[in-house]
Amino acid sequence: MKLYYSPGACSLSPHIILNEGGFSFDKERVDLASKKTETGADYAAINPDGYVPALLLDDGQVLTEGPAIIQYLADRVPEKKLAPPLGTLERYRLMQWLNFISTELHKGFSPLFNPQAPEEWKAVAAAQLGRRLSTVSRQLEGKDWLLGEGFSVADAYLFTVLGWGRHVGIELEQWPVLQAYQERVSMRSAVQSALKAEGLLQDT
């Protein structure tokens, strides 16, 4: 398999899960401005929408959309318990979290990264995002992971999105539970490997 990624973007979550699952994979960086990959390939030919992630499968098919990719990967290695079994209520709880992170957090950050967004819009978006982060903080109280027992693909996605806060002035110090959670996830070897591979963490 090959992961098409951009450092620190939402492609970080499948990168983490590829590591967590022990997969053998290649990766290729994408310049989101030029839509060219590091080898000079036209990324629009791989994903016409032009954004990451995209996962090139062994049979030549391409899978896009982070929440779909990470569930696909989890189901390939059920023994790793990165997602509850299909058909269980716990799996739907996972889907509930993935949808919340995608629509309420991930998309909530979009105006804050948009240089053309009016400051008034950014202020409204930041306030809304703060309320959603407070919801996550309350849900995480007394738990190490989103689903309660054990790291899951939802944790990789949440970790990725929470990391964007420092780039737009949303500091996790406002939510000590989220700050502790982010530090806890960051210590996992699979996470550290992905961060180093993307140039987001220096070797010490």
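**Close-up 1. Surroundings of Thr37.** Setting aside neighbours within four places in sequence, Thr37 is in contact (heavy atoms within 4.5 Å) with Tyr4, Glu28, Arg29, Val30, Tyr43 and Ile46. In this predicted model, local features need pLDDT of at least 70 and side-chain atom pairs count only at pLDDT 80 or more, while totals for chains, interfaces and linings use all residues. Residues are numbered from 1 along each chain as its sequence is written, and side-chain values use heavy atoms, with hydrogens and water left out. Thr37 lies in strand β3 (residues 36–37), strands being DSSP runs of E with at least two residues and helices runs of H or I with at least four, numbered from the N terminus. Thr37 counts as buried because its relative accessibility is 5%, where buried means under 20% relative accessible area, with a 1.4 Å probe and protein chains only.

**Close-up 2. The largest nonpolar core.** A nonpolar core is a set of buried Ala, Val, Leu, Ile, Met, Phe, Trp, Tyr and Cys residues joined through side-chain atoms within 4.5 Å. Among the 53 residues of the largest one, Leu105, Val136, Leu146 and Leu158 touch the most other members. The elements giving two or more residues to this core are β1 (2–5), α1 (12–20), α2 (66–76), α3 (89–113), α4 (119–140), α5 (153–162), α6 (176–186) and α7 (189–197).

**Close-up 3. Contacts of Val136.** Apart from neighbours within four places in sequence, Val136 is in contact with Trp97, Phe100, Leu105, Leu146, Leu158 and Leu178. A second, separate core of seven residues includes Tyr4, Ala9, Val30 and Val52.

Technical notes: Buried < 20%, exposed > 50% of the residue type's maximum accessible area, 1.4 Å probe, protein only.
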